[in-house]
Amino acid sequence: MDGITTGTDALFILLGAIMILAMHAGFAFLELGTVRKKNQVNALVKILVDFAISTVAYFFVGYSIAYGVHFFSSAEVLAEKNGFELVKFFFLLTFAAAIPAIISGGIAERAKFYPQLAATAALVGLVYPFFEGIVWNHHFGVQAWLKQAFSAEFHDFAGSVVVHAVGGWVALPAVVLLGARRGRYAKDGGITAHPPSSIPFLALGAWILTVGWFGFNVMSAQTIGAMNGLVALNSLMAMIGGTLVALVLGKNDPGFVYNGPLAGLVAVCAGSDLMHPLGALITGGIAGAIFVKMFTLTQNRWKIDDVLGVWPLHGLCGAWGGLAAGIFGLQALGGRGGVAFTSQLIGTLMGIVIALAGGAAVYGALKALVGLRLDPEEEFDGADLSIHKIGATPERELSR
């Protein structure tokens with residue numbers, strides 16, 4: 001029976017890892033559809049290579065920092081318990097690799113390729129697992145202190161703060177240090193629109209992410225015995241809430257409509273195992289409003305050229321999700337309890353501070369040492385030709 005149990009758990013978490021791995025195709029196509037045509041190839045290549053660098057950094061450094069586990073043992077030892085520890089690493093790796101995938105959308109169209117890979121290695125190997133270990137492996141006694149002081153630990157079931165807020169807030173200093181795309185903002189205050197190159201690809205990316213998210217959230221239970229359908233329904237309700245609010249506030253703009261469900265899903269991750277479905281619906285709806293309003297502010301008033309809006313979508317909606325778990329997770333509001341708003345506030349703020357500091361340190365150092373941005377001529381030509389020497393849809397050359 002033990003073999004059946006561990007084998008079932010290993011398969012359960014492996015399926016979750018595969019679903020989240022598929023989400024990285026969603027990140028790629030969401031970015032591909034949003035950027036201009038001359039940067040589509042770069043979007044596809046970045047997401048794949050970032051995942052490869054993330055795997056190496058997390059395998060050799062990050063996972064050990066977060067959980068104190070390494071894989072420098074014989075294959076016979078690693079295969080124990082049906083290889084559960086190995087697929088658990090795979091599962092958590094897909095979370096870690098979401099950090100550079102998130103950042104990629106913010107710095108699109110003007111970032112150098114190899115400095116970003118170096119940033120990926122540092123962030124996934126050091127910055128992300130540092131906070132991950134605090135929240136999910138009780139490092140430094142922070143969770144114990146929160147429980148003693150406020151009767152509950154910081155609760156983040158599937159990573160609203162640990163993954164999404166951290167990714168979004170790391171991206172903010174990267175976007176600011178890079179500066180806006182050339183020609184985006186005129187000296188007279190005018191704004192040049194850079195409309196999405198492909199709404200169908202943008203929509204495809206959003207759909208892939210949305211479907212994969214149910215693995216992201218539900219499989220965060222990590223064992224079949226801990227799995228609960230409440231997480232699935234709450235994810236669905238938050239997705240719907242984000243979609244409908246983004247539709248109304250975004251005035252039918254497909255870019256807002258297709259980011260609405262993502263905003264809702266980002267926000268519900270933390271409390272998806274605690275909330276009543278109505279609480280999840282409200283959480284998702286508020287997240288949809290946050291994205292539409294804050295994306296508009298950052299782009300048009302503050303002139304922060306965050307191409308995909310990753311700071312509003314992941315940074316702010318993720319932070320809202322951390323707080324929402326402390327509101328709609330309360331028994332008084334139909335939740336399952338075992339959560340304290342003060343602990344959620346402190347944990348969320350801690351994640352923001354670590355992400356901002358880590359992002360500023362990594363991207364600040366890279367800017368000083370090797371530079372972050374393509375040359376003006378390279379940016380004008382587009383990252384596809386400048387970096388990869390090929391366009392997404394090159395005209396076919398006919399030879400006789």
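The structure is a predicted model, in which local features need pLDDT of at least 70 and side-chain atom pairs count only at pLDDT 80 or more, while totals for chains, interfaces and linings use all residues. Residues are numbered from 1 along each chain as its sequence is written, and side-chain values use heavy atoms, with hydrogens and water left out.

A pocket here is an open set of points on a 1 Å grid over the protein atoms alone, where a 1.4 Å probe fits, with protein on both sides within 12 Å along at least five of seven lines, and lining residues have an atom within 4 Å of a point. The volume is the space filled by probe spheres set on the points, which are joined across faces, edges and corners. Its lining is made of 24 residues, and those nearest the centre are His194, Pro196, Asp253, Phe295 and Val307. At least two lining residues come from each of helix 1 (2–34), helix 9 (199–218), helix 11 and helix 12 (277–301), and helix 12 gives the most, with five residues. Helices are DSSP runs of H or I with at least four residues, numbered from the N terminus. By type, the lining of the largest pocket has 13 nonpolar, seven polar and four charged residues; Ala, Val, Leu, Ile, Met, Phe, Trp, Tyr, Cys and Pro count as nonpolar, Asp, Glu, Lys and Arg as charged, and the others, Gly among them, as polar.

Helix 11, spanning residues 254–268, also contains Ala263. Ala263 counts as buried because its relative accessibility is 0%, where buried means under 20% relative accessible area with a 1.4 Å probe and protein chains only. Apart from neighbours within four places in sequence, Ala263 is in contact with Ala287, Gly288, Phe291, Leu313 and Cys317, contact meaning heavy atoms within 4.5 Å.

The second largest pocket has a volume of about 380 Å³. Of the 19 residues that line the second largest pocket, Val135, Trp136, His155, Asp156 and Phe157 lie nearest its centre. Two or more lining residues come from helix 4 (80–96) and from helix 6, and helix 4 gives the most, with four residues.

Helix 6, covering residues 113–136, is also where Gln116 is found. Gln116 counts as buried because its relative accessibility is 4%, and beyond its neighbours within four places in sequence Gln116 is in contact with Asp50, Pro100, Ile103, Ile107 and Tyr363.

Definitions and conventions:
Buried < 20%, exposed > 50% of the residue type's maximum accessible area, 1.4 Å probe, protein only.
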